[in-house]
Amino acid sequence: MSHVPAATRALRLLRFLAAQAGPVSATAIARGLGLPRSSAYQLLEAMAEEGFVTHLPEERRWGLGVAAFEIGSAYLRHGPLERLARPLLTRLAEETGATAHLGVLHGCDTLYLLKEQPRHAPVLITGVGVRLPAHLTASGRAMLARLPRAQVRALFPGTEPFVSRTGRGPASPRELRDLLADERRRGWSSEDQQVAEGFASVAAAAFDHTGSPAAAIGLTVPSARPVTPAALAARARDAAAELTRRLGGRAPA
(Lines give C-alpha, C1' and ligand atoms only; values in the text may rest on other atoms or scores of the structure.)
Protein backbone atom coordinates (compact mmCIF):
# COMPACT_ATOMS: atom_id res chain seq x y z
CA MET A 1 0.00 0.00 0.00
CA SER A 2 3.07 2.30 0.15
CA HIS A 3 2.37 3.49 -3.40
CA VAL A 4 -1.14 4.69 -2.49
CA PRO A 5 -1.28 8.49 -1.96
CA ALA A 6 -1.89 9.63 1.61
CA ALA A 7 -5.07 11.45 0.57
CA THR A 8 -6.46 8.23 -0.89
CA ARG A 9 -5.71 6.37 2.34
CA ALA A 10 -7.46 9.07 4.36
CA LEU A 11 -10.55 8.94 2.16
CA ARG A 12 -10.65 5.16 2.32
CA LEU A 13 -10.43 5.36 6.10
CA LEU A 14 -13.37 7.77 6.27
CA ARG A 15 -15.44 5.55 4.00
CA PHE A 16 -14.52 2.48 6.06
CA LEU A 17 -15.57 4.13 9.34
CA ALA A 18 -18.79 5.43 7.78
CA ALA A 19 -19.74 1.87 6.83
CA GLN A 20 -19.36 0.55 10.39
CA ALA A 21 -22.16 0.30 12.94
CA GLY A 22 -20.00 2.18 15.47
CA PRO A 23 -16.41 2.90 16.51
CA VAL A 24 -13.90 0.11 15.80
CA SER A 25 -10.41 -0.84 16.90
CA ALA A 26 -7.25 0.24 15.11
CA THR A 27 -6.55 -3.42 14.40
CA ALA A 28 -9.88 -3.77 12.58
CA ILE A 29 -9.16 -0.59 10.63
CA ALA A 30 -5.70 -1.79 9.60
CA ARG A 31 -7.13 -5.13 8.52
CA GLY A 32 -10.04 -3.54 6.67
CA LEU A 33 -7.75 -1.18 4.74
CA GLY A 34 -4.92 -3.65 4.22
CA LEU A 35 -2.45 -1.44 6.11
CA PRO A 36 0.32 -2.30 8.55
CA ARG A 37 -0.80 -1.43 12.07
CA SER A 38 1.93 1.19 12.40
CA SER A 39 0.72 2.93 9.23
CA ALA A 40 -2.89 2.76 10.41
CA TYR A 41 -1.97 4.40 13.73
CA GLN A 42 -0.05 7.18 11.98
CA LEU A 43 -2.99 7.84 9.69
CA LEU A 44 -5.48 7.83 12.58
CA GLU A 45 -3.40 10.22 14.66
CA ALA A 46 -2.99 12.65 11.76
CA MET A 47 -6.71 12.62 11.02
CA ALA A 48 -7.57 12.98 14.71
CA GLU A 49 -5.50 16.17 14.83
CA GLU A 50 -7.72 17.58 12.08
CA GLY A 51 -10.91 16.40 13.77
CA PHE A 52 -11.94 13.85 11.14
CA VAL A 53 -11.64 10.89 13.52
CA THR A 54 -11.86 10.66 17.28
CA HIS A 55 -10.23 8.24 19.70
CA LEU A 56 -12.22 6.63 22.52
CA PRO A 57 -9.43 5.62 24.93
CA GLU A 58 -11.62 3.68 27.38
CA GLU A 59 -12.95 1.53 24.56
CA ARG A 60 -9.70 1.48 22.56
CA ARG A 61 -11.71 2.31 19.48
CA TRP A 62 -11.82 4.96 16.79
CA GLY A 63 -14.84 6.67 15.25
CA LEU A 64 -15.73 9.56 12.98
CA GLY A 65 -14.98 13.03 14.30
CA VAL A 66 -16.93 16.26 14.20
CA ALA A 67 -15.11 17.46 11.06
CA ALA A 68 -16.56 14.50 9.16
CA PHE A 69 -20.03 15.54 10.32
CA GLU A 70 -19.37 19.09 9.14
CA ILE A 71 -18.42 17.82 5.69
CA GLY A 72 -21.62 15.77 5.49
CA SER A 73 -23.71 18.76 6.57
CA ALA A 74 -22.03 20.96 3.97
CA TYR A 75 -22.88 18.40 1.30
CA LEU A 76 -26.56 18.77 2.15
CA ARG A 77 -26.32 22.58 2.11
CA HIS A 78 -24.89 22.50 -1.39
CA GLY A 79 -28.02 20.73 -2.66
CA PRO A 80 -26.10 18.47 -5.08
CA LEU A 81 -29.08 16.30 -5.96
CA GLU A 82 -31.16 19.22 -7.17
CA ARG A 83 -28.21 20.89 -8.93
CA LEU A 84 -27.31 17.71 -10.80
CA ALA A 85 -30.91 16.93 -11.73
CA ARG A 86 -32.21 20.34 -12.80
CA PRO A 87 -30.54 20.43 -16.26
CA LEU A 88 -31.88 16.95 -16.97
CA LEU A 89 -35.43 17.96 -16.03
CA THR A 90 -35.24 21.17 -18.05
CA ARG A 91 -34.20 19.22 -21.13
CA LEU A 92 -36.93 16.63 -20.60
CA ALA A 93 -39.64 19.26 -20.30
CA GLU A 94 -38.44 21.06 -23.42
CA GLU A 95 -38.08 17.94 -25.56
CA THR A 96 -41.13 15.96 -24.45
CA GLY A 97 -43.62 18.71 -23.66
CA ALA A 98 -44.32 16.97 -20.34
CA THR A 99 -43.96 18.39 -16.85
CA ALA A 100 -40.81 16.90 -15.30
CA HIS A 101 -40.42 16.23 -11.58
CA LEU A 102 -37.71 15.15 -9.18
CA GLY A 103 -39.03 13.35 -6.12
CA VAL A 104 -37.63 11.55 -3.09
CA LEU A 105 -39.23 9.23 -0.57
CA HIS A 106 -40.25 10.80 2.73
CA GLY A 107 -41.77 8.01 4.79
CA CYS A 108 -44.91 6.88 2.95
CA ASP A 109 -44.93 10.01 0.79
CA THR A 110 -43.25 11.34 -2.32
CA LEU A 111 -41.65 14.72 -1.62
CA TYR A 112 -41.11 16.82 -4.74
CA LEU A 113 -37.83 18.73 -4.87
CA LEU A 114 -37.92 20.09 -8.42
CA LYS A 115 -40.50 20.81 -11.09
CA GLU A 116 -39.83 21.93 -14.66
CA GLN A 117 -42.73 22.78 -16.97
CA PRO A 118 -42.88 23.38 -20.70
CA ARG A 119 -44.60 26.49 -21.99
CA HIS A 120 -48.38 26.55 -21.73
CA ALA A 121 -48.39 23.46 -19.50
CA PRO A 122 -51.57 22.87 -17.48
CA VAL A 123 -51.46 23.61 -13.76
CA LEU A 124 -50.65 20.53 -11.66
CA ILE A 125 -51.01 19.93 -7.94
CA THR A 126 -47.41 18.74 -7.77
CA GLY A 127 -44.84 21.39 -6.95
CA VAL A 128 -41.66 21.95 -5.00
CA GLY A 129 -42.23 20.97 -1.37
CA VAL A 130 -45.51 19.16 -2.08
CA ARG A 131 -45.95 15.70 -0.57
CA LEU A 132 -48.22 13.06 -2.10
CA PRO A 133 -48.89 9.41 -1.19
CA ALA A 134 -46.00 7.36 -2.58
CA HIS A 135 -48.20 4.36 -3.40
CA LEU A 136 -50.20 6.52 -5.85
CA THR A 137 -47.45 8.50 -7.58
CA ALA A 138 -45.34 7.04 -10.36
CA SER A 139 -42.23 8.57 -8.78
CA GLY A 140 -43.02 7.06 -5.39
CA ARG A 141 -43.64 3.59 -6.77
CA ALA A 142 -40.51 3.75 -8.94
CA MET A 143 -38.53 4.08 -5.70
CA LEU A 144 -40.65 1.68 -3.62
CA ALA A 145 -40.20 -0.99 -6.29
CA ARG A 146 -36.44 -0.88 -5.68
CA LEU A 147 -36.57 -1.06 -1.89
CA PRO A 148 -36.18 -4.35 0.00
CA ARG A 149 -39.57 -6.00 0.45
CA ALA A 150 -39.20 -5.88 4.24
CA GLN A 151 -38.80 -2.10 4.10
CA VAL A 152 -41.93 -1.74 1.98
CA ARG A 153 -43.85 -3.92 4.45
CA ALA A 154 -42.66 -1.69 7.29
CA LEU A 155 -43.89 1.41 5.46
CA PHE A 156 -47.23 -0.16 4.53
CA PRO A 157 -48.06 -2.72 7.25
CA GLY A 158 -51.83 -2.46 6.85
CA THR A 159 -54.52 -0.58 4.96
CA GLU A 160 -54.25 2.67 6.95
CA PRO A 161 -51.56 4.31 4.74
CA PHE A 162 -53.56 3.57 1.58
CA VAL A 163 -55.37 6.86 1.17
CA SER A 164 -57.19 7.40 -2.12
CA ARG A 165 -57.47 10.61 -4.11
CA THR A 166 -59.54 9.54 -7.11
CA GLY A 167 -60.77 6.05 -6.22
CA ARG A 168 -57.97 4.49 -8.27
CA GLY A 169 -54.69 2.88 -7.28
CA PRO A 170 -53.58 0.12 -4.89
CA ALA A 171 -55.68 -0.12 -1.74
CA SER A 172 -53.94 -2.88 0.23
CA PRO A 173 -50.44 -4.25 0.91
CA ARG A 174 -51.09 -7.17 -1.45
CA GLU A 175 -52.21 -4.94 -4.32
CA LEU A 176 -49.19 -2.70 -3.82
CA ARG A 177 -46.82 -5.67 -3.61
CA ASP A 178 -48.11 -7.14 -6.87
CA LEU A 179 -47.97 -3.78 -8.63
CA LEU A 180 -44.42 -3.08 -7.45
CA ALA A 181 -43.28 -6.52 -8.61
CA ASP A 182 -44.61 -5.80 -12.11
CA GLU A 183 -43.06 -2.34 -12.22
CA ARG A 184 -39.74 -3.59 -10.91
CA ARG A 185 -39.55 -6.15 -13.73
CA ARG A 186 -40.52 -3.48 -16.26
CA GLY A 187 -37.99 -0.95 -14.98
CA TRP A 188 -40.39 2.00 -14.66
CA SER A 189 -43.65 2.94 -12.98
CA SER A 190 -46.82 4.57 -14.21
CA GLU A 191 -50.12 5.89 -12.93
CA ASP A 192 -53.20 7.10 -14.78
CA GLN A 193 -55.48 9.49 -12.88
CA GLN A 194 -54.54 8.00 -9.51
CA VAL A 195 -53.20 11.33 -8.24
CA ALA A 196 -55.36 13.79 -10.18
CA GLU A 197 -58.22 13.41 -12.63
CA GLY A 198 -57.14 13.94 -16.21
CA PHE A 199 -53.40 13.40 -15.73
CA ALA A 200 -51.04 10.44 -16.10
CA SER A 201 -47.39 10.00 -15.14
CA VAL A 202 -44.42 7.73 -15.69
CA ALA A 203 -41.23 7.63 -13.61
CA ALA A 204 -37.91 5.86 -13.16
CA ALA A 205 -35.58 5.70 -10.17
CA ALA A 206 -32.04 7.03 -9.86
CA PHE A 207 -29.65 5.25 -7.50
CA ASP A 208 -26.89 6.12 -5.04
CA HIS A 209 -23.52 4.42 -4.59
CA THR A 210 -25.10 1.57 -2.61
CA GLY A 211 -27.64 0.79 -5.33
CA SER A 212 -30.51 2.20 -3.26
CA PRO A 213 -33.06 4.58 -4.81
CA ALA A 214 -31.91 8.15 -4.22
CA ALA A 215 -34.68 9.88 -6.17
CA ALA A 216 -37.02 9.43 -9.10
CA ILE A 217 -37.55 11.41 -12.27
CA GLY A 218 -41.17 11.61 -13.38
CA LEU A 219 -43.02 12.98 -16.40
CA THR A 220 -46.68 14.05 -16.27
CA VAL A 221 -49.01 14.68 -19.22
CA PRO A 222 -52.77 15.04 -19.70
CA SER A 223 -54.34 11.58 -19.92
CA ALA A 224 -55.95 12.50 -23.23
CA ARG A 225 -52.62 13.30 -24.85
CA PRO A 226 -51.81 10.75 -27.57
CA VAL A 227 -48.50 9.48 -26.24
CA THR A 228 -47.24 5.95 -25.64
CA PRO A 229 -46.39 5.52 -21.94
CA ALA A 230 -43.46 3.25 -22.79
CA ALA A 231 -41.94 5.90 -25.08
CA LEU A 232 -42.27 8.58 -22.41
CA ALA A 233 -40.92 6.18 -19.79
CA ALA A 234 -37.85 5.52 -21.94
CA ARG A 235 -36.99 9.22 -21.70
CA ALA A 236 -37.46 9.16 -17.92
CA ARG A 237 -35.28 6.05 -17.63
CA ASP A 238 -32.50 7.63 -19.70
CA ALA A 239 -32.56 10.75 -17.53
CA ALA A 240 -32.60 8.68 -14.33
CA ALA A 241 -29.63 6.66 -15.57
CA GLU A 242 -27.73 9.87 -16.26
CA LEU A 243 -28.58 11.20 -12.80
CA THR A 244 -27.34 7.93 -11.30
CA ARG A 245 -24.06 8.40 -13.16
CA ARG A 246 -23.75 12.02 -11.98
CA LEU A 247 -24.36 10.93 -8.38
CA GLY A 248 -21.65 8.30 -8.64
CA GLY A 249 -24.32 5.67 -8.11
CA ARG A 250 -25.01 2.27 -9.54
CA ALA A 251 -28.19 0.53 -10.58
CA PRO A 252 -28.94 -2.65 -8.59
CA ALA A 253 -28.56 -5.99 -10.35
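1. The accessible surface of the protein chain is about 13800 Å². Carbon and sulfur atoms hold 53% of that surface. Areas follow the Shrake-Rupley method with a 1.4 Å probe. This is a predicted model, where local features need pLDDT of at least 70 and side-chain atom pairs count only at pLDDT 80 or more, while totals for chains, interfaces and linings use all residues. Numbering runs from 1 along each chain as its sequence is written, and side-chain values use heavy atoms, without hydrogens and water.

2. Of 253 residues in the protein chain, 43% are buried (under 20% relative accessible area, 1.4 Å probe, protein chains only).

3. The protein chain has nine helices and eight strands. These are DSSP runs: H or I of at least four residues for helices, E of at least two for strands. Along the principal axes, the C-alpha atoms fill a box of roughly 70 × 40 × 30 Å.

4. Take contacts (heavy atoms within 4.5 Å) between residues at least 6 apart in sequence. Of these, 55% join residues at least 24 apart.

5. Charged side chains number 31 positive and 22 negative (Lys and Arg against Asp and Glu; His and chain ends are not counted). The centres of the two sets lie 5 Å apart.

6. The second largest pocket has a volume of about 260 Å³. It is an open set on a 1 Å grid, with protein on both sides within 12 Å along at least five of seven lines; lining residues have an atom within 4 Å of a point. Of its 13 lining residues, R149, V152, L176, R177 and L180 are closest to the centre. Helices α7 (149-155) and α8 (173-186) each give two or more lining residues. The largest share, six residues, is from α8.

How values were computed
Buried means under 20% relative accessible area, exposed over 50%, partly exposed in between (1.4 Å probe, protein chains only). The place of a charge is taken as NZ of Lys, CZ of Arg, CG of Asp or CD of Glu. On a 1 Å grid over the protein atoms alone, a cavity is a set of points where a 1.4 Å probe fits but cannot get out, and a pocket is an open set with protein on both sides within 12 Å along at least five of seven lines; lining residues have an atom within 4 Å of a point. Grid points are joined across faces, edges and corners, and a volume is the space filled by probe spheres set on the points.
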